[in-house]
Amino acid sequence: MTHLFANPDHQAFHEHRNLLFSVAYRVLGSAADAEDAVQDAWIKWSAADRSQVADPKAYLTRIVSNLALARLRSTRHKRETYVGPWLPEPILTSGDTADAVTDAESVSMAMLVVLETLSPLERAVFVLKEVFAFSHAEIAEAVERSEAAVRQAAHRAREHVQARRPRFTADRSRQREVTERFFAAATGGDVNALMELLSPDVTLWTDGGGKVRQALRPVVGAQTVASWFAAIGTVTYQGVEPADMNAELVEINGGPGMLFSGLDRVIATVTFDFDAEGRIIGIHNVANPDKLQAIADGTAHHVGTR
C-alpha cells in the first residue's frame, strides 16, 4: 500500500486518518459507521479541488464531521426501536489513549452512552468543541449552521453532559487494580470478593440486541450484579461451555476491560465506570455479535484528539 501515499494528497489524508476516525466514532458511537464516514471523506477529498485547501486537517475534519452528523440522523430511528439497552460498539484502544485521561474519558462507554441522549447536532457540536477544542466559528462551518446556533447547541450539550456525567477522579492505576480484582473474582465465582468492589447501587447494562439472550432492563444493586458475574464460570453462555470460554483483560474504549471469547469467536466485552472512591458504579456488557466486529478484527485504535 505504501505507493499510494507517495502522492502528497494521499499522504495528507493518511496522516489525519486516525483523527478522522476519532471524531466520527465519538459522534456515532459505532466503529463500522465511523469507518464508513472516513471512507466517504476519502471519496470527497479525492474529488475536491485541493489546490484551494489551505489547511487539509481542518478541511478533512469538516468533511468527516458533516458526514458523521448526516449518518447519525439517518441511523437514529434504528436505535429507538432497538431490543433492550442500546450500547455503543466497543473498540480496542492503544495504551496511549488510557494515558491521556481526557482522551480516555471522552471515548469511554459511559460518556458515549450520555452522548447518545443528545440531539445529533448537539452531539457533533459537543464532540468538536469539548473534545477537539474547535472554535464556534470552525464548528459552524463544519456542521453548516450559524455561529449563534452552534453556541446555543454547545451550551445545551455541555449542561446536559455535566448533569449526567460527573467527572470522577479515581486514578487510572486504581481503576486497573479494581478491574484486575473483579476479573479474578468473576472468573473464580467469588461473590463476596465481587461485592467488595461494587458500589451498593451499581448498575449493569447488557446489550444483546435481541440476537442473544441478555437482560432487557438494567440490573441494579451489588448483590444481584455480583451473582450475575459469579455465575459466568458455571453456565453455558451462547452455546459455549465454561471449559471452552476464554476471558482476558484488554484495553477497551480507553480503560481496562474484559473480553470473553470461545469457539473462535468474540462473545462479549465488559467495561467499567468508577465512582470517586474507585468502586464500580456502572458496568457495560456488549454481547450483540453485530457490535463485536471491531473487537474481533483485533485492531487497536488510536483515538487521541491531536
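## Contacts of Tyr25

Contact here means that heavy atoms lie within 4.5 Å. In this predicted model, Tyr25 is in contact with Ser30, Ala31, Ala34, Glu89, Pro90, Ile91, Val107, Leu112 and Asn253, when its neighbours within four places in sequence are left aside.

## Nonpolar cores

Tyr25 also belongs to the largest nonpolar core, which has 51 residues. Together with Phe21, Val64, Leu115 and Val143, Tyr25 is among the members that touch the most other members. Several helices each supply at least two residues of this core, including helix 1 (8-15), helix 2 (17-28), helix 8 (120-131) and helix 10 (147-164). Helix 2 gives the largest share, eight residues.

## Aromatic pairs

A pair of aromatic rings is described by the distance of the centres and the angle of the planes. With centres required to lie within 6.5 Å, the model has seven aromatic pairs. In one of them, the ring centres of Trp45 and Tyr59 are 5.8 Å apart and the planes stand at 55°, so the pair is tilted. Because Trp45 lies in helix 3 (residues 31-47) and Tyr59 in helix 4 (residues 56-80), the pair ties together parts that are 14 residues apart in sequence. Trp45 is buried, with a relative accessible area of 2%, whereas Tyr59 is partly exposed, with a relative accessible area of 23%.

Phe182 and Phe229 form an edge-to-face pair, with 5.0 Å from centre to centre and 80° between the planes. This pair links distant parts of the chain, since Phe182 is in helix 11 (residues 172-187) and Phe229 is in helix 13 (residues 222-230), 47 residues apart. Phe182 counts as buried at 0% relative accessibility, and Phe229 is buried with a relative accessible area of 0%. Both residues belong to one aromatic cluster, which also contains Trp228, Phe272 and Phe274.

Strand 4 (residues 246-252) and strand 5 (residues 255-262) run antiparallel and are joined by seven bridges. Glu248, for example, has Leu259 in strand 5 as its bridge partner.

The two strands form a hairpin with two residues between them. Asn253, in the turn, has a positive phi of about 50°. Asn253 is also one of the residues in contact with Tyr25.

Conventions. Residues are numbered from 1 along each chain as its sequence is written. This is a predicted model: local features need pLDDT of at least 70, side-chain atom pairs count only at pLDDT 80 or more; totals for chains, interfaces and linings use all residues. Side-chain values use heavy atoms; hydrogens and water are left out. Rings of Phe, Tyr and Trp (its six-membered ring) pair if their centres lie within 6.5 Å; planes under 30 degrees apart count as stacked, over 60 as edge-to-face and the rest as tilted. Helices (H or I, at least four residues) and strands (E, at least two) are DSSP runs, numbered from the N terminus. Buried means under 20% relative accessible area, exposed over 50%, partly exposed in between (1.4 Å probe, protein chains only). Two strands pair if DSSP finds at least two bridges between them. A nonpolar core is a set of buried Ala, Val, Leu, Ile, Met, Phe, Trp, Tyr and Cys residues joined through side-chain atoms within 4.5 Å.
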